[in-house]
Amino acid sequence: MNICIAYKCQVPDADEGQLHARTGLPLVSLLEISKIQSDGYLYFSDGILKLQLLSLPGMTPLFVSFEGLERRAKDSLFQQSLIKAVGIGKGKRPSILDGTGGLGSDGFLMASTGCKVSLFERDKVIYELLKDGLRRYAAKDSNGKEVSKRIQIENRDFLESKTLTNRYEVVYLDPMFPMSKKRSRSKRPMLYLQEFLQAENNGDQMLSVAKRIATKRIVVKRGIRSPTLTNHDVDMVYRGNSNRFDVYLI
Ligand SMILES: C[S@@+](CC[C@H](N)C(=O)[O-])C[C@H]1O[C@@H](n2cnc3c(N)ncnc32)[C@H](O)[C@@H]1O
């Protein structure tokens, strides 16, 4: 996809310039956006980095807000299938590598239990949205600062983890699965990701990389009726309302 950075004033400001320097994405005046060939644009609004896709014109832009997840992170957090699948429980706070970080929702919930979570996100646009959300959450209050300290994010490809020397007790994966026919029922962030990113078909490769890194288990999030990631036998399954967590024990 062709994404650019839209600036609002006559010349880009410092944040817009730094975003351009980090990502290499072209800077375009907001007034000129309709004149260039672009699939969407990143822009700052009220200090928040947002993504607007031109294929979703009526939809509010995408940005990362962990505030919206705070309730889920408080109410019966330990009863959630994600948390159980990862093996978090009484006295158990495994180290976690989330190899497909996305917008960080799952990583945030896992970190809210007290676990340290490293997230890899290979797409630079999604990574920038995630980084911005985390920066704002860290600045919010002392709890925001505490939770954010447990989350480390890197703009890198999980499949290129050959040089990784760190091992993690748990590797968590949530690759994109093919778009369902009930697309319109997807929640807004997922609709954006489906529109923006390609579905993956590299399950075997992901699982084999995960096996080199995980010391206790690999957890793969799937749609409730999606096939397993690979033909390998799953050891345990935890079901939520619309998702399933397949657990492969090491
Ligand atoms: C379905 S989303 C993950 C959503 C995430 N669990 C959340 O809670 O927001 C999948 C994400 O994984 C990223 N991804 C896919 N393959 C990857 C890889 N090999 N390395 C790093 N990130 C990857 C995609 O760019 C996408 O942002």
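View 1. The model shown is a predicted one, in which local features need pLDDT of at least 70 and side-chain atom pairs count only at pLDDT 80 or more, while totals for chains, interfaces and linings use all residues. Residue numbers start from 1 along each chain as its sequence is written. Eight residues of domain 1 are in contact with nine residues of domain 2, where contact means that the C-beta atoms of two residues, placed from the backbone, lie within 7 Å. On the side of domain 1 that touches domain 2, α1 (14–23) and β4 each supply at least two residues, and β4 gives the most, with four residues. Helices (H or I, at least four residues) and strands (E, at least two) are DSSP runs, numbered from the N terminus. The residues of this side of domain 1 divide into seven nonpolar, one polar and no charged; here Ala, Val, Leu, Ile, Met, Phe, Trp, Tyr, Cys and Pro count as nonpolar, Asp, Glu, Lys and Arg as charged, and the others, Gly among them, as polar.

View 2. Strand β3 (residues 40–45) and strand β4 (residues 48–53) run antiparallel and are joined by six bridges, two strands being paired if DSSP finds at least two bridges between them. Within this pair, Y43 stands opposite K50 in β4. Two residues lie between the strands of the hairpin, and D46 is found in this loop between β3 and β4. Although D46 is not a glycine, it has a positive phi of about 50 degrees. D46 is also exposed, with 6 other C-beta atoms within 10 Å; a residue is exposed if 12 or fewer other C-beta atoms, placed from the backbone, lie within 10 Å of its own, buried if there are 20 or more, and partly exposed in between.

**View 3. The largest nonpolar core.** The largest nonpolar core has 60 residues, and those with the most contacts inside it are L42, V86, I96, L129, V171, A210 and I218. Such a core is a set of buried Ala, Val, Leu, Ile, Met, Phe, Trp, Tyr and Cys residues joined through C-beta atoms within 7 Å. Helix α5 (residues 124–138) contributes the largest share of this core, seven residues. Both domain 1 (3–53) and domain 2 (67–249) give residues to the core, so it lies between them. When its neighbours within four places in sequence are left aside, V86 is in contact with P94, I96, M110, V170, Y172 and V219.

**View 4. Strand β8 and its two parallel partners.** Five of the six residues of strand β8 (residues 168–173) are buried, so β8 is largely enclosed by the rest of the structure. Strand β5 (residues 96–98) pairs with β8 in the parallel sense over three bridges, and in that pairing V171 of β8 is the bridge partner of L97. Strand β9 (residues 214–223) likewise pairs with β8 in the parallel sense, over five bridges, with V220 of β9 as the bridge partner of L173.

**View 5. Helix α4 and the glycine that follows.** Eight of the eight residues of helix α4 (residues 105–112) are buried, so this helix is largely enclosed by the rest of the structure. Among these buried residues are S105, D106, F108 and M110. After α4 comes G114, whose phi is positive, near 115 degrees.

**View 6. The surroundings of the ligand.** The ligand is surrounded by 21 residues, of which the closest are T100, G102, S105, R122 and F158; a residue is counted as near if its C-beta atom, placed from the backbone, lies within 6 Å of the molecule. The residues of this shell divide into nine nonpolar, five polar and seven charged.

**View 7. G133 in helix α5.** G133 has its place in helix α5 and counts as buried, with 23 C-beta neighbours inside 10 Å. Leaving aside its neighbours within four places in sequence, G133 is in contact with F63, V64, S65, F66 and G104.

**View 8. The hairpin of β10 and β11.** Strand β10 (residues 236–239) and strand β11 (residues 243–249) pair in the antiparallel sense over four bridges, and they form a hairpin with three residues between them. The bridge partner of M236 is V247 in β11.

Methods:
Domains from an automatic or database assignment.
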